Amino acid sequence: MNAEPGMGCNFKAADFRSDYKPVWCPGCGDFTVLLSITKALAEINTAPEDTVVVSGIGCSSRIPAYTNCYGFHGVHGRALPLATGIKLTRPELNVLVAGGDGDGYSIGGNHFLHASRRNLDMTYIVMDNQVYGMTKGQASPTTDPNWEKGKLTPGGTGINPFQPLVIALASGANFIARSSSSDSNGTARIIMEAVRHPGFSMVQILSPCVTFRPEQREWKNMFIPAPMEATSDPAQAARRLLTDEGLYTGILYRGDRPAYQPKLESSIDDIAELDEEFSL
Ligand SMILES: Cc1ncc(C[n+]2csc(CCOP(=O)(O)OP(=O)(O)O)c2C)c(N)n1
Ligand code: SF4
């Protein structure tokens with residue numbers, strides 16, 4: 001049931017919430033991200049069954065269970081390939097992929113590169129808390145090199161953090177945005193625009209882990225709305241992303257690359273046919 005905005009159904013954010021109560025720690029930024037996702041879906045005005053939310057493993061990856069949409073809580077780092085399969089076979093669905101920085105940039109890093117490159121029409125929401133929350137506080141790819149409290153990295157990792165938005169841009173993502181979970185309406189607007197923009201949309205949401213990175217409570221005062229409009233020039237976007245110290249929020253790049261959506265010629269119904277084809 002697809003409805004054009006302003007016509008037919010009028011959904012509320014609550015229509016996209018399931019009855020499951022989140023088990024996140026009180027104050028975790030992921031609560032607000034969930035709220036922003038549901039607000040965005042209500043604004044897009046398609047029914048819950050027109051969206052599928054796919055995740056890997058981590059605190060943030062619990063999100064599909066808390067929505068009323070179709071959901072797939074997959075395995076660690078494998079949300080993007082799952083979502084790719086779903087989008088290929090059910091192109092009419094809105095596909096949202098949600099997870100953490102560990103899930104998406106460590107074990108899932110290779111999938112992140114190729115999902116950006118492939119540019120299927122989906123939205124990737126990464127709740128970046130610069131730590132592995134679920135496994136109790138190890139450094140992740142986006143952790144600052146001097147963070148000394150990581151259990152496996154006393155004294156800090158000493159390694160420069162991964163720059164997800166720069167890497168998404170270089171790999172071919174068609175829409176790039178940054179947001180902070182402390183701004184639920186701003187984040188909802190960005191998610192809505194990301195879903196509407198064709199191709200692979202990358203949304204980094206700085207979402208504090210108050211348990212293992214309590215200093216991130218200060219994040220609500222740190223991020224600044226980008227003082228310029230989104231650019232469609234990748235070279236300009238790269239320059240901005242490399243020089244804004246990760247502090248600007250908003251839509252930072254809107255590309256115009258056509259989304260990739262190959263036509264599936266046929267499906268193999270009989271598994272025995274496959275067995276025969278690949279038997280040695
Ligand atoms: C193959 C595999 N390796 C490791 C784990 C253990 N593991 C579960 S969640 C997680 C990290 C989660 O961190 P992140 O993705 O940043 O999400 P957060 O919990 O911070 O939201 C790890 C390493 C696993 N479940 N499966
Ligand atoms: S451990 Fe951190 S990321 Fe996980 S629920 Fe608690 S505050 Fe959120």
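On a 1 Å grid over the protein atoms alone, a cavity is a set of points where a 1.4 Å probe fits but cannot get out, and lining residues have an atom within 4 Å of a point. Grid points are joined across faces, edges and corners, and a volume is the space filled by probe spheres set on the points.

This is a predicted model, in which local features need pLDDT of at least 70 and side-chain atom pairs count only at pLDDT 80 or more, while totals for chains, interfaces and linings use all residues. Residues are numbered from 1 along each chain as its sequence is written, chains are lettered from A and ligands numbered from 1 in the order in which they are written, and side-chain values use heavy atoms, with hydrogens and water left out.

**The cavity**

Let's start inside. One cavity of 30 Å³ or more is counted, and the largest cavity has a volume of about 60 Å³. Its lining consists of Met228, Glu229, Ala230, Arg240, Leu241, Asp244, Tyr248, Ile251 and Leu252. Strand β8 gives the most, with three residues. By class, the lining of this cavity has six nonpolar, no polar and three charged residues. For these classes, Ala, Val, Leu, Ile, Met, Phe, Trp, Tyr, Cys and Pro count as nonpolar, Asp, Glu, Lys and Arg as charged, and the others, Gly among them, as polar.

**The pocket**

A pocket is an open set of points with protein on both sides within 12 Å along at least five of seven lines. About 600 Å³ of space lies in the largest pocket. Of the 28 residues that line the largest pocket, Gln130, Thr142, Pro161, Glu245 and Gly246 lie nearest its centre. Helices α6 and α8 and strand β6 (200–206) are the elements that give two or more residues to this lining. Its residues divide into twelve nonpolar, eight polar and eight charged.

**Helix packing**

Now for the helices, three pairs of which are set out below. Axes are lines fitted to C-alpha atoms, for helices over the stretch in contact, and angles run from 0 to 180 degrees between N-to-C directions.

| Helix pair | Axis distance | Angle |
|---|---|---|
| α6 (164–171) and α8 | within 9 Å | roughly 165° |
| α5 (109–118) and α6 | 8 Å | about 45° |
| α1 (30–44) and α7 (184–196) | 8 Å | about 50° |

Angles under 35 degrees count as roughly parallel, over 145 as roughly antiparallel, 65 to 115 as roughly perpendicular and the rest as oblique.

Helices α5 and α6 are oblique to each other, with a right-handed crossing. Phe112, Leu113, Ser116 and Arg117 of α5 touch Pro164, Ile167, Ala168 and Ser171 of α6.

Helices α1 and α7 are also oblique, and α1 passes α7 in a right-handed crossing. Their contact has eight nonpolar, five polar and three charged residues.

Definitions and conventions
Helix = DSSP H or I, 4+ residues; strand = E, 2+ residues; numbered from the N terminus. Left-handed = near helix turned anticlockwise from the far one by under 90°. Contact = heavy atoms within 4.5 Å.
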